[in-house]
Amino acid sequence: MPIQSYFQERWGQAMKRKIRLTVNNETYDLEVENRRTLLEVIREDLHLLGTKQMCNMGECGSCTVLMDGQAVNSCITLAVEAHGKKIETIEGVARDGKLDPIQEAFVAKGAVQCGYCSPGMIMTAKDLLAKNPQPTEKEVKTAIAGNLCRCTGYVRIVDAILTAADTMKE
Amino acid sequence: MKEFELHEPVSIEDASRLLAKFGGRGRILAGGTDLLLELKRGQLNLAAVISLKEIKGLNKIRFTRKEGLRIGAMVTWSQLLESKPVSRNYPLLAKAAEKMGSMQIRNVATLAGNLAHASPAANGPIPLLVYEATCVIQGPNGRRVIPVEKIFGGVQKNTLRRSEILTEILVPLPPAGTRGTYYKFGLRQAMDLAVVGVGTLVKTKNGVFDEVRIALGAVAPKPFRVKKAERLLKGKKIEDRLIRDAGETAVIESAPITDIRASMEYRIELIKELIYRAINESLP
């Protein structure tokens with residue numbers, strides 16, 4: 001019989017596993033198939049819809065989340081890879097209803113138009129500013145190279161990130 | 001994606017045994033930025049994904065002045081960028097890391113995976129070729145060490161045998177007094193494959209080329225050292241006409257193609273011009 005159904009019959013369980021995901025400081029115990037991506041699980045199982053699915057191949061950055069502080073494309077990350085890691089999505093950025101300085105700057109500088117790229121941009125900005133609190137304009141542009149925006153032309157996004165860096169300096 | 005088993009062996013030996021067990025239907029997972037794309041496109045019919053993440057020590061960069069750099073299979077491009085030994089001693093590798101994908105990709109993609117995926121346009125091999133790096137490969141028959149160019153077998157084909165794993169990349173210190181350049185010529189400033197990739201490492205002595213190493217990528221099925229062009233320059237007086245000739249000679253050793261990014265004719269012109277510029281930039 002075909003090898004896939006052989007495994008399924010004998011070891012159907014081998015195709016999935018129980019994982020513990022920590023997302024925005026909340027823990028979730030899930031059983032997921034190995035083949036599911038972190039993006040799918042975040043959106044479909046955890047119903048956190050702020051993280052977007054667009055290109056689904058690690059090019060556009062709209063699926064960007066932080067995994068142990070590092071910006072990653074969740075569409076090309078297996079959910080099982082996130083077991084035991086600290087995941088942060090856009091939903092976790094504001095604290096107690098108060099916007100994060102990066103979010104404030106995006107609003108103040110008009111860096112949000114349709115808003116589709118914004119969660120990814122903000123998560124990427126968080127990684128950048130954590131590693132490099134005073135980036136140059138060039139460094140900001142390099143950091144967001146993996147996040148596509150079809151509306152703003154990027155100028156205000158770069159401006160917002162630089163403004164946030166200045167705000168966070170104080 | 002089709003279903004697959006996931007295994008997380010704790011040793012290279014176990015990983016190797018799993019590769020043997022699953023035959024051609026098991027694949028190694030390092031950063032996954034290439035593997036996940038292949039899985040999503042339905043290009044692979046895998047029974048198992050074998051992750052390296054639980055194997056201790058693979059995510060380390062070690063450096064001594066005597067041995068040079070030892071880069072484990074799970075070391076990411078971001079780690080290379082943040083490494084002081086790399087930025088201080090291997091600027092071409094640091095530059096290749098800068099030009100790799102996006103921040104999100106660099107945070108998980110590995111240098112070892114870049115080599116094993118064997119794209120002709122890969123960033124990784126260019127600095128590694130001019131630094132004369134070697135690859136440590138472990139498998140059921142033990143350990144072997146090969147020059148980095150030997151890991152490339154053809155377009156997206158590596159020379160690893162069944163159940164072998166690339167575990168480490170060794171990069172000796174470049175000879176004292178050498179200067180080098182790395183160019184990744186592409187259509188965009190980021191998130192793009194090289195149309196032509198060039199790496200050079202040059203040492204001069206009294207107006208004469210003493211050591212010359214030139215590597216080319218994206219102009220043949222495999223990245224390679226441009227030996228004829230190197231021989232043309234070595235031991236000769238530094239002259240503009242000679243450096244131009246080196247660029248022309250490099251074209252003979254290349255086999256550029258026309259593809260979606262550039263025509264063969266354009267690549268030929270790029271080879272000539274970029275080698276000329278790269279050698280010039282490597283002069284004191």
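1. The crossing of helices H3 and H6 of chain A is right-handed (a crossing is right-handed if the near helix is turned clockwise from the far one by less than a right angle, and left-handed if anticlockwise). Helices here are DSSP runs of H or I of at least four residues, strands are runs of E of at least two, and both are numbered from the N terminus. This is a predicted model, in which local features need pLDDT of at least 70 and side-chain atom pairs count only at pLDDT 80 or more, while totals for chains, interfaces and linings use all residues. Residues are numbered from 1 along each chain as its sequence is written, and chains are lettered from A and ligands numbered from 1 in the order in which they are written.

2. H3(A) covers residues 101-108 and H6(A) residues 155-169; their axes come within 8 Å and cross at roughly 135°. Axes are lines fitted to C-alpha atoms, for helices over the stretch in contact, with angles from 0 to 180 degrees between N-to-C directions.

3. Two residues are in contact if their C-beta atoms, placed from the backbone, lie within 7 Å. The residues involved divide into 8 nonpolar, 2 polar and no charged (Ala, Val, Leu, Ile, Met, Phe, Trp, Tyr, Cys and Pro count as nonpolar, Asp, Glu, Lys and Arg as charged, the others, Gly among them, as polar).

4. Between the chains, 27 residues from chain A meet 22 residues from chain B. On the chain A side, S4(A) gives the largest share, 4 residues. By class, that side has 12 nonpolar, 10 polar and 5 charged residues.

5. In chain B, 4 strands form an open antiparallel sheet in the order S11-S12-S13-S14 (two strands pair if DSSP finds at least two bridges between them). S11(B) and S14(B) each have a single partner strand, so one side of each is left without a neighbour in the sheet. S13(B) and S14(B) are joined by 2 bridges, and B:Leu216 stands opposite B:Phe224. Helix H11(B) lies across S11, S12 and S13, at about 30° to S12(B).

6. Also in chain B, S4(B) and S5(B) pair in the antiparallel sense over 4 bridges. A hairpin of 3 residues joins S4(B) to S5(B), and B:Thr64 stands opposite B:Gly68.
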